[in-house]
Amino acid sequence: MNILIKTYCLTTNASKGIILNKRLITAPEVYKRIPGLILITGIVDVTKPNKEAIQHYLHQSWNTLRAQALEKGYRTHPLIAQWRAALTQAGIHVKHYAPSIEAIAKRATNMPEPFSINPKVDAYNALSMNLILPLGAYDVDQLSGNLQLRTAQEGEHFTALGGSSNEPTIASEIIYADDSDVLTRQFLWRQSEKAKITDNTKQLLFVCELLESMGSEVQAHAEKIITTQFKEFFNTEVQNFTIDKEV
């Protein structure tokens, strides 16, 4: 079974380019737990956000997601339902650890207007809403070493976004981590305080997760939207494009 990892390096037109000195390393056991996993990932220079374009897209994406969630149900939308099934098969209790896009869709059913954090967070949240796929990001300068997608040991330290106390990991849960800290628990559930995107973030490393079973059209659409919109939001161009395969 081949698993595709699509990696983008994006850079601003005005600069000589950023160096992709961080990478996403995925442990083989994750692919065994989630067959057909596809990760679209890359680094984006976000020093000059187009705030007007981001806000417009945020509202547009929110309204579209809200309409679909209200019509089809936030849990039964085809893409969200596929994630729920895949996570359940992987041993993740979605009742307690719902994927991020489900949490956003649920919120959309209760709120006519989108929530806003800051332009850089709003940008990738809007992409997640538009694609109806999980899409998160980390501050490159705050990462210790490379980003890893792996399984946890019992009791690894984790401080949730907006929290202050330790919420230790459960043995074998799927996590994103760097060389020193857990950054996201239960794969698509909750991010940590460390490496969160702020107004001071210069480069973000984004990851969009999808499944091969969703079809090639969903994958191609995600690639197009991500590259097109990051260009509009932050004046970026795709500098390099590589495909790595895990067998």
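**Entry 1: a charge over a ring**

I began with R107, whose charged end sits over the ring of F115, 4.0 Å from the ring centre. For this I asked that NZ of Lys or CZ of Arg be within 6 Å of the ring centre and within 35 degrees of the ring normal. A note on the source: this is a predicted model, where local features need pLDDT of at least 70 and side-chain atom pairs count only at pLDDT 80 or more, while totals for chains, interfaces and linings use all residues. Residues are numbered from 1 along each chain as its sequence is written, and side-chain values use heavy atoms, with hydrogens and water left out.

**Entry 2: the whole chain**

I found 6 helices and 10 strands in the protein chain, taking DSSP runs (H or I, at least four residues, for helices; E, at least two, for strands) numbered from the N terminus. Of its 247 residues, 53% count as buried; buried is under 20% relative accessible area, exposed over 50%, and partly exposed in between (1.4 Å probe, protein chains only). I then looked at contacts, meaning heavy atoms within 4.5 Å. Among those with a separation of 6 or more, residues 24 or more positions apart account for 78%.

**Entry 3: helix α2**

Does the length of α2 fit its 22 residues, or what span should they have? Helix α2 (residues 51-72) should span 32 Å at 1.5 Å a residue, and its end C-alpha atoms are 31 Å apart, which agrees. The expected span is 1.5 Å times one less than the number of residues.

I listed the buried residues of α2 as A53, I54, Y57, L58, S61, W62, L65 and A69. They cover an arc of only 155° around the axis, so they are on the same side of α2; the arc is that of the directions from the helix axis to the C-beta atoms. These buried residues pack against α4 (100-110), α5 (119-131) and α6 (216-234). On the face turned away from the buried side I noted the exposed residues E52, H56, L70 and E71. After α2 comes G73, with a positive phi near 90°.

**Entry 4: nonpolar cores**

Which residues touch the most other members of the largest nonpolar core? They are W83 and F187, in a core of 70 residues. A core here is a set of buried Ala, Val, Leu, Ile, Met, Phe, Trp, Tyr and Cys residues joined through side-chain atoms within 4.5 Å. Beyond four places in sequence, the contacts of F187 include I34, L37, W83, L149 and Y176. I also found a second, separate core of 6 residues, with A152, F158, A160 and V182 among them.

**Entry 5: aromatic pairs**

I counted 9 aromatic pairs, pairing rings of Phe, Tyr and Trp (its six-membered ring) with centres within 6.5 Å; planes under 30 degrees apart are stacked, over 60 edge-to-face, and the rest tilted. Y97 and W189 have ring centres 4.8 Å apart and planes at 75°, so this pair is edge-to-face. Y97 is in the loop between α3 (78-89) and α4, and W189 in the loop between β7 (182-185) and β8 (190-191), so the pair ties together parts 92 residues apart in sequence. Y97 is buried, at 17% relative accessible area.

For Y138 and Y176 the centres are 6.1 Å apart and the planes at 50°, so the pair is tilted. This pair links strand β4 (residues 135-139) to strand β6 (residues 174-177), with the two tyrosines 38 residues apart. Both Y138 and Y176 are buried. Ring pairs also link Y57, F206, F230, F233 and F234 into a cluster.
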